[in-house]
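Open the model in your viewer and keep the selection tool ready. The tour goes from the core to the pocket and then to the charged pairs.

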Amino acid sequence: ELIDAQLRVGAFSPHRHDTYTVAVTTSGVQTFNYRGEQWESRPGQVVILHPDEVHDGYCRDQAGFSYRAAYVPPAHVQTVI
């Protein structure tokens, strides 16, 4: 599953996915909480979130951010290992 998304105001509430999330920030700065720490992702940076890990996401400033993400089922990762 692929997504191309933008967030201009507001935030994603804390949530989790059943998949690995591999995301690249394409514009702006995304700030998020993951594994008890606050992180930032800037344009060109890649973020990998593990399945079942709670995270959120929000705009660092009024410019918002855009990103592209792929949601990869754990079984697909296991077949490569």
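Which residues make up the largest nonpolar core? Select A5, L7, A23, C59, F65, Y67, A69 and Y71, 8 residues in all. A nonpolar core here is a set of buried Ala, Val, Leu, Ile, Met, Phe, Trp, Tyr and Cys residues joined through side-chain atoms within 4.5 Å. Buried stands for under 20% relative accessible area, exposed for over 50%, and partly exposed for the range in between, with a 1.4 Å probe and protein chains only.

Before going on, note that this is a predicted model, in which local features need pLDDT of at least 70 and side-chain atom pairs count only at pLDDT 80 or more, while totals for chains, interfaces and linings use all residues. Residues are numbered from 1 along each chain as its sequence is written, and side-chain values use heavy atoms, with hydrogens and water left out.

Helices (H or I, at least four residues) and strands (E, at least two) are DSSP runs, numbered from the N terminus. Now centre on A5: leaving aside neighbours within four places in sequence, A5 is in contact (heavy atoms within 4.5 Å) with F65, S66 and Y67.

**The largest pocket**

Elements giving two or more residues to the lining are β2, β3, β4 (30-34), β6 (46-49), β7 (55-59) and β8 (65-72). The largest share, 4 residues, comes from β3.

**T19**

Move to T19, in the loop between β2 (11-15) and β3 (20-28). Is T19 buried or exposed? T19 is buried, with a relative accessible area of 16%. Beyond four places in sequence, T19 touches L49, H50, P51, Y71, V72, P73 and P74.

**Charged pairs**

The structure holds 7 salt bridges (a side-chain nitrogen of Lys or Arg within 4 Å of a carboxyl oxygen of Asp or Glu). Select R16, which is partly exposed at 40% relative accessibility. The side chain of R16 meets that of D18 in a salt bridge (2.3 Å, N to O), and D18 is exposed at 53%. R16 also forms a salt bridge with D52 (2.2 Å, N to O). D52 lies in the loop between β6 and β7 and R16 in the loop between β2 and β3, so this pair ties together parts that are 36 residues apart in sequence.

Next select E53 and R35, a salt bridge whose closest N and O atoms are 3.2 Å apart. R35 lies in the loop between β4 and β5 (37-41) and E53 in the loop between β6 and β7, so the pair ties together parts 18 residues apart in sequence. E53 is partly exposed at 24%, whereas R35 is exposed at 51%.

Finish with E40, R42, R60 and D61, which are linked in a network of salt bridges.
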